[in-house]
Every structure is written in C-alpha cells, then in structure tokens.
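Please look over the sequence and the structure shown below before reading on. The report that follows moves through them part by part.

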Amino acid sequence: MTTQALAERDYFTDPSVLLDPYRYFEEMRPRGPVCQLQTHDCLLVTGFEECLEVLRNPTDFSSLNSLASSAFPLPFKPEGTDISAQLEAHRDRYVGGNLVVTYDDARHNNVRFLVSRVFTPSRLKANEAFMRDYADQIVRRVVADGKCDLVGHIATPYVTMVIANLLGVPADDRVLFEEQIARGQTVGSIENPDSPTDTSALEFMAGFFVRYLQDRAANPGSDLLSEFVTATYPDGAKPDLVELVSLAVFMFAAGQDTSAKLLGNSMRYIVDVPGLQQQLRDDRQLIPWMIEEVLRLEGSSKATHRVARRDTTIGGVKVPAGKAVIVALAAGNRDPRRWGDDANEFRLKRPGIREHIAFGRGVHTCAGAPLARAEVATILNRFFDHTRDIAISEAMHGKRGARRYQFEPSFIIRGLENLHLELTPA
Ligand code: HEM
C-alpha cells in the first residue's frame, strides 16, 4: 500500500487498522510525532514525549472527549483562544460527559480524591485472598476440561466478579450486569463511528447502584460502596448521590474489557514468544515484568482523546483551541526515540519499563492499574500451578507464525474477542 493510500485509511473504521494498529502507527510516524489526519479534523500524536506532553497538560487539554473520541466534531463554533467555558456549556452533548474520565479541573480533582480515599492499596490487599481463591476455582475447572476460551470462560467472568466483590454488588446482580455489558456496543466501536461509545449498560446499572448506596447509608458494611457513602471531598463537603452513582458505575465498568483483554494479550505472548512460558514457570518473579512489557507492546487501551481548550502547542506544533487530539498510547509505547530500535520486540526486564503509558499519565492516570496488574498475575499464577503446558488451539487460531485472531472491533480497546487454549494438567 502506498503512503498516500495509507494516510487516507480511516483510523476509526478501517478493519486493517483494527487488525494491525501498530503498522498503521509506524507508517504514520514519518509524518512527525504530531500529525494532522487527512480523514478527520484531528491530530494524531504518536511520539512518546508528545503523548506525555498532552496527558500532563490538563490546563490546555480537556478530557471531555475521552470517550466520545476525536471523531466527534465540536458541537459548537469555537470562539477565541480559550473555549473552556463553551466546552463546559456543551458537556451534556458528549457521551460519558457525566463520568470521571471526562471531567476537568476542580470537579475532576474532587472525584479523584474520593477514589484515592476509597480505592487504597490496603483495600486491594484485603481482597487478595478472594482473588486467589476464586481464580483457583475457575482455573481448576477449565484445566479439568483440558481446554477453554480464556477470554470468555475465565477473563471476563473473573474481572466482573472481582470488582463486584470489592464494590459490594450483590451476587444475584453480577451476572445480570455482565450480560448487560456484553449486550452493549464495544467502547470505541469501529462499526458505529458517529456514536462509538454506548453508555446504555451504565445507565441500566445506575438504577441498581442508587439502591445499593441508599442501602449502605442505612446499613454500612465493609465494601467500597459503604465507604463511598461516608467519603467527603477535600473541603469536607459530601458528594451528592448522583455523583457517587456515576463514579461507582464507572469503576465497575472501566476495568471490565480492559483487564480481561490484558489477560488475553498476555497469554498470547506467553505462548507465542519462544521459551517465555518455561522461563515464567521457572521463575514466577518474572510475571510482573512480563505484564509490563505486554502493557507496553499490546496494552488494552490503544488511545485516549483530548480536545484543546486553549491555543497551545504539542512538540512545537501549533494547536488551536477546539482541535481534537488522538493520544495514541500504543504508538507512544513503541516510539523508537524512547524505546530504541527494538521497540517492536518483546524484551523481558526492559530498562525503564514502568514508564510506559498504557495506563495513561497525569491527573487521569488509570485508577485501577494496581487491580488490573494483580488480576492478571493472579490468574496466570493459577494456570502455572495447575498446568504442565499451555498451548494456543491450532484448530481455532492456526499455527504459530500464521495465527488467526479476532480483535474487539474498537478503536480504543486492543484485545482478543476469544483465545482458545489447550491445557495439559500438571
Ligand atoms: C489493563 C487494564 C486497564 C487499562 C489498560 C486501563 C487504561 C486506562 C487509561 C489509559 C486511563 C486514562 C484515560 C485518559 O487519560 O483519558 C484509565 C482511566 C481510568 N481507569 Fe483504567 N484501565 C484498566 C483497568 C482499570 C480497572 C480494573 C479499573 C477499575 C477499578 C479502572 C478504572 C479507571 C478509572 C476510574 C479511570 C479514570 C481516572 C480519571 O479520569 O481520573 N481501570 N484507564
């Protein structure tokens, strides 16, 4: 394909970009770390430093379009060099405008403060035994069958159960939510670029969360929802119920696809990188290193989005207020200027690996990163405990070097729709 033809490919809808976004980013890289897309009125940022520059500059860049995406045109005519007030006035036109990931300024600081008070390392530690025991139970079951679809049989039910347990969602409702999320459109759907993110599952769950929070106010327990109802903003004010519901629902949903896909992506590398499975079996301390390198090479969020609210610059390139920006985390994570000539290769214990931007950076850095890392490590450890060998099903995915995979049809999420494994018991 010529460079010209490539540039005309639509990042948001083209199936070949979905299949191999890394090739698309590599071919866009020579146009500069910050370049204008020909298909949409937005900038594509592929440089590591330039991605950081945007993520660390919430003064000039609003997160309002982080879910609506850069494909969503400004719903008003920008006036002047600072459109912050205009953006706020149109917040309800943006999908997810009532979710923490799209908030700016004081509203964001306030809600993020709640998260940091409630979602603490000690809280995660207290949940470790549950995570381990539940992982043990479901992994034993699939190993007894000798095979599984890692994404459908393990990853998705596991991450749902873990966050539900942490928050305190009653057991009967968990399956209902999982089904509702599965029925909804994927986040950043390439099939529906005009309305790529559907929040109907969140709205469905919101009604339930109102009741849970009201119940915890009357009968506090030891779960996160109980802590939400007593938590306050930094100035001591109490958040209203609507804000708490939207935060709790988002926390429930934010880690569903992303963590589940990270497990699938990790397993692919474990089985396909020659010798890696044995290396990890021999030294389990290497598992966290492997997870970080997979996050860098194939993190489950390919990109996030910002809109410039003031006239500004990225990497010296002028950016007018109102311009949408694709912050291509997956491209920054393979930028050879940061990661060297072997940026596209898997390398265990890569120096500086924790600096990758798979979880974003700055004020909106993923609040669930420690949980996601713990979930993946826990499941992988159980697989290594209970199996002697794990193989990718050749019948379903073809031979190594010529695999066939189906990817989530999303311009935000990077991950497999299914991963069929063959398991040899220990
Ligand atoms: C591998 C798994 C995950 C990945 C790759 C991931 C990725 C991200 C990224 C890139 C952002 C920043 C978005 C931006 O700057 O616009 C983010 C934000 C967020 N994530 Fe995650 N995430 C993962 C798992 C989770 C989990 C398990 C939770 C749940 C508890 C979670 C909760 C959140 C929240 C609450 C935010 C919003 C933070 C804010 O706006 O201040 N994430 N995530």
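## Terms and a first residue

Two residues are said to be in contact if their C-beta atoms, placed from the backbone, lie within 7 Å. This is a predicted model, in which local features need pLDDT of at least 70 and side-chain atom pairs count only at pLDDT 80 or more, while totals for chains, interfaces and linings use all residues. Residues are numbered from 1 along each chain as its sequence is written.

Helices (H or I, at least four residues) and strands (E, at least two) are DSSP runs, numbered from the N terminus. Ala330 belongs to helix α16, which covers residues 329–332. When neighbours within four places in sequence are left aside, the contacts of Ala330 are Pro21, Tyr22, Phe25, Gly299, Lys302, Ala303 and Arg414. A residue is called buried if 20 or more other C-beta atoms lie within 10 Å of its own, exposed if 12 or fewer, and partly exposed in between, with the C-beta atoms placed from the backbone. Ala330 counts as buried because it has 23 C-beta neighbours inside 10 Å.

## Helix α3

Pro21 and Phe25, which are among the contacts of Ala330, are also among the buried residues of helix α3 (residues 21–28), together with Tyr24 and Met28. Seen down the axis of α3, these buried residues fall within an arc of 95 degrees, so they line one face of the helix; the arc is that of the directions from the helix axis to the C-beta atoms. The elements that cover the buried residues of α3 include α2 (15–19), β1, β2 and α16.

## The five-stranded sheet

An open sheet is formed by five strands in the order β1-β2-β8-β5-β3, and its pairing is mixed. Its edge strands are β1 (34–36) and β3, each of which pairs on one side only. Here two strands pair if DSSP finds at least two bridges between them. Strands of a sheet pair through backbone hydrogen bonds, either parallel or antiparallel.

Along this order, β1 and β2 pair in the antiparallel sense over three bridges, and they form a hairpin with five residues between them. Within this pair, Cys35 stands opposite Leu44 in β2. Strand β2 also pairs with β8, in the parallel sense and over four bridges, and here Leu43 has Val325 in β8 as its bridge partner. Strand β8 (residues 324–327) is joined in turn to strand β5 (residues 304–308) by four bridges, with the two strands running antiparallel, and Val307 has Ala324 in β8 as its bridge partner.

In a regular strand the side chains alternate between the two faces of the sheet.

## Helix α8

Helix α8 (residues 128–145) has 18 residues and reaches 26 Å from its first C-alpha to its last, close to the 26 Å expected at 1.5 Å a residue; the expected span is 1.5 Å times one less than the number of residues. The buried residues of α8 are Met131, Ala135, Val139 and Val143. They cover an arc of only 80 degrees around the axis, which puts them on the same side of α8. An α-helix has 3.6 residues a turn, so residues three or four places apart point the same way.

The buried residues of α8 pack against α9 (150–167), α18 (369–386), β9 (387–392) and β10 (420–425). The face of α8 turned away from this buried side carries the exposed residues Ala129, Asp133, Gln137, Ala144 and Asp145. Just after α8, Gly146 takes a positive phi of about 80 degrees.

## Two loop residues with positive phi

Ser69 has a positive phi of about 85 degrees although it is not a glycine, and it is found in the loop between β3 (61–62) and α5 (84–89). Lys349, likewise not a glycine, has a positive phi of about 60 degrees and is placed in the loop between α17 (336–339) and α18.

Which of these residues is buried, and which is exposed? Ser69 counts as buried, with 25 C-beta neighbours inside 10 Å, whereas Lys349 is exposed, with 10 other C-beta atoms within 10 Å.
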